[in-house]
Amino acid sequence: MNYNNWLIYATLRLTKSNTPRLDSEILLSFVIKKTKTFLLIFHETELTIIQSEQLERLLIRRENGEPISYLIGKREFWSLSFFVSSNTLIPRSDSERLIELALQYLPNTPCHILDLGTGCGSLALSLASERLDCIITGIDILSSVLSVALYNMKKLKITNVKFLKSNWFNSLSNKRFSLIMSNPPYIDINDIHLTKGDVLFEPKNALISKKKGLADLATIIYNAPKFLKSKGWLLLEHGWKQGSSVRTLFLFIGFLKVTTYYDYGNNERVTVGYWPY
């Protein structure tokens with residue numbers, strides 16, 4: 001079977017996907033290690049037996065709903081390519097709002113930044129690539145996750161980031177930061193969105209939080225002042241219906257200039273607060 005015929009065949013099989021043709025092209029490019037342009041130009045090239053067998057295994061997994069990013073082991077975020085595994089969340093474009101806002105709120109001078117729940121390191125490393133003068137600490141509770149972040153740091157050749165194992169702030173002692181950012185777990189265990197799509201395959205500990213999805217957000221908001229420098233900022237990603245609750249938590253603790261920003265789908269997604277003390 002040649003490239004073109006396989007793409008037609010795979011597209012017809014991926015009936016549950018919203019982007020069957022794109023999925024097929026990504027898988028084929030991954031297996032033959034060529035670009036999409038190459039597929040178009042050399043579409044009559046025959047697949048080898050080994051390539052056909054590898055594609056069939058990947059196609060079955062995709063038919064079962066497994067995310068493309070896990071199948072090929074990478075995801076684009078902030079124009080960078082990140083290795084991802086089943087131990088890490090898949091970076092999403094809406095989380096790029098955290099990077100945009102961090103760049104907006106950071107001082108113009110060198111400073112220290114904290115990324116809580118760093119996962120594959122997409123937030124910490126993306127921000128570090130933009131602010132080479134800043135030192136960013138990314139923390140996560142799982143060693144298996146931190147190994148992915150460290151791999152990405154080395155692959156991207158970014159040197160102004162360090163990763164640390166910690167349960168939120170527990171291992172940070174008295175360190176203070178000019179900006180703290182996080183995309184923590186914020187989905188309620190009964191949320192219907194957990195029953196479909198990519199999240200079916202993503203680590204539940206990185207998705208689900210108690211108290212209707214607000215427990216980890218509350219923990220961060222309550223403890224952040226002890227680790228923020230005077231005139232520092234806290235930036236939190238949250239669920240699209242959680243904006244009001246998160247703003248209330250910010251204000252209750254004493255944050256000022258509390259503002260919620262929208263994601264690319266026009267949903268409330270990131271709330272920021274200023275710590276003046």
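**Strands, helices and cores**

Me: How many bridges join E7 and E9, and in which sense do they pair?
Reply: Strands are DSSP runs of E, at least two residues, and helices are runs of H or I, at least four, both numbered from the N terminus. Two strands pair if DSSP finds at least two bridges between them. E7 and E9 pair over six bridges, and the sense is antiparallel.

Me: What should I know about the model and its numbering?
Reply: Residues are numbered from 1 along each chain as its sequence is written, and side-chain values use heavy atoms, with hydrogens and water left out. The model is predicted: local features need pLDDT of at least 70, side-chain atom pairs count only at pLDDT 80 or more, and totals for chains, interfaces and linings use all residues.

Me: Which residue in E9 is the bridge partner of Leu236?
Reply: Leu236 has its bridge partner in E9. That partner is Thr271.

Me: Which strands are the edges of the seven-stranded sheet?
Reply: The sheet is open, with mixed pairing and the order E5-E4-E3-E6-E7-E9-E8. An edge strand here pairs on one side only. The edges are E5 and E8 (256-262).

Me: What angle does H6 make with E7?
Reply: H6 packs on the sheet and touches E6, E7, E8 and E9; contact means heavy atoms within 4.5 Å. Axes are lines fitted to C-alpha atoms, for helices over the stretch in contact, and angles run from 0 to 180 degrees between N-to-C directions. The angle between H6 and E7 is about 160 degrees.

Me: At what angle does H8 run to E5?
Reply: H8 lies across E4 (135-140) and E5. Its angle to E5 is about 170 degrees.

Me: Which residues touch the most other members of the largest nonpolar core?
Reply: A nonpolar core is a set of buried Ala, Val, Leu, Ile, Met, Phe, Trp, Tyr and Cys residues joined through side-chain atoms within 4.5 Å. Buried means under 20% relative accessible area, exposed over 50%, partly exposed in between (1.4 Å probe, protein chains only). The largest core has 38 residues, and those touching the most other members are Ile113, Leu127, Val161, Phe163, Leu179 and Leu235.

Me: Which residues form the covered face of E2?
Reply: E2 spans residues 80-83. Ser81 and Phe83 are on its uncovered face. The covered face holds Leu80 and Phe82.

Me: Which residue in the turn between E1 and E2 has a positive phi?
Reply: E1 (residues 74-77) pairs with E2 in the antiparallel sense over four bridges. The two form a hairpin with two residues between them. The residue with a positive phi, about 55 degrees, is Trp78.

Me: What distance separates the end C-alpha atoms of H2?
Reply: The expected span of a helix is 1.5 Å times one less than its number of residues. H2 (residues 20-32) has 13 residues, so it should span 18 Å. The distance agrees: 18 Å.

Me: Which helices do the buried residues of H2 pack against?
Reply: The buried residues of H2 include Leu27, Leu28 and Val31. They pack against H1 (3-13), H3 (36-41), H4 (49-63) and H5 (68-72).

Me: Is Asn2 buried or exposed?
Reply: Asn2 sits in the segment before H1. Its relative accessibility is 12%, so Asn2 counts as buried.
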